[in-house]
Amino acid sequence: MSDADKPIKEGPVQRPILTPPGGEKKVLLHSCCAPCSGEVMEAMTASGIDYTIFFYNPNIHPEREYLLRKDENIRFADKHGIPFVDADYDKDNWFARARGMEWEPERGARCTMCFDMRFERTALYAHENGFPVMTSSLGISRWKDMNQINGSGKRAAGRYDGLSYWEFNWRKGGGSARMIEISKREEFYQQEYCGCVYSLRDTNQHRRNQGREPIVLGKQYYGRSTEPEKD
Ligand code: SF4
């Protein structure tokens, strides 16, 4: 029987009992933001997994947007009593690695670099702090390429003996719908672009082409907004 087939009946939501690779119970969760990690966090809590959030996202620009996303994630972690590791905002290193890839499309080489960079730091922290498994909330977004994320995760974890990347598909079994439900329930800040200045530029260009206004940082919140949701 797969994980998704084993129901648990506690709480208001029917959830599968999840088992990390190797039957481990300790996981380091790389989180990109509160909306994406909300469902992942509640799913792991429901399965009794001992996890810690690792927030390392030097790709998010400008800094005001970075702080908005991070503070929302800290607020939700505090509410659940989950440890939160606030890693460096070393955006200069991110820009150095992105050099020459400024015009790559989303899901292209720049995004592979971006996932690699974030997961390499996550894997190092996991290795140094005794986590046998790492995973990420990045793959729950339907805008992301799951294979691209899993490839980066496995490469990063593969650098250390005894560390696995958990490729669980957080979208399935109703995960995508619960992600939106939780975001509305918690009125999370709703980012309108992936994160980097290049994705902000390209999203605004797309909006201009559609006759829409450019993005205003700090404006949209789930459950309060009138515009369609973009996860
Ligand atoms: S579009 Fe998103 S994943 Fe790709 S480089 Fe920019 S922030 Fe990273």
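The crossing of helices α1 and α6 is right-handed, a crossing being right-handed if the near helix is turned clockwise from the far one by less than a right angle and left-handed if anticlockwise. The structure is a predicted model, in which local features need pLDDT of at least 70 and side-chain atom pairs count only at pLDDT 80 or more, while totals for chains, interfaces and linings use all residues. Residues are numbered from 1 along each chain as its sequence is written, and side-chain values use heavy atoms, with hydrogens and water left out.

Helix α1 (residues 34–46) packs against helix α6 (residues 175–186) at an angle of about 110°, the axes being 8 Å apart. Axes are lines fitted to C-alpha atoms, for helices over the stretch in contact, and angles run from 0 to 180 degrees between N-to-C directions. Helix α1 is therefore roughly perpendicular to α6 (65 to 115 degrees). Pro-35, Cys-36, Gly-38, Glu-39 and Glu-42 of α1 meet Gly-175, Arg-178, Met-179, Ile-182, Ser-183 and Arg-185 of α6 (contact: heavy atoms within 4.5 Å).

An open sheet is formed by five strands in the order β5-β4-β3-β6-β7, with parallel pairing. Strands are DSSP runs of E with at least two residues, and helices runs of H or I with at least four, numbered from the N terminus; two strands pair if DSSP finds at least two bridges between them. Strands β5 (84–86) and β7 (164–165) stand at the edges with a single partner strand each, so one side of each lacks a neighbour in the sheet. Four bridges join β3 (residues 26–30) to β6 (residues 133–136) in the parallel sense, and Val-27 has Val-133 in β6 as its bridge partner. Helix α4 (residues 109–128) packs on this sheet and touches β3, β4 (50–55), β5, β6 and β7, its direction making about 155° with that of β3.

Conventions:
Angles under 35 degrees count as roughly parallel, over 145 as roughly antiparallel, 65 to 115 as roughly perpendicular and the rest as oblique.
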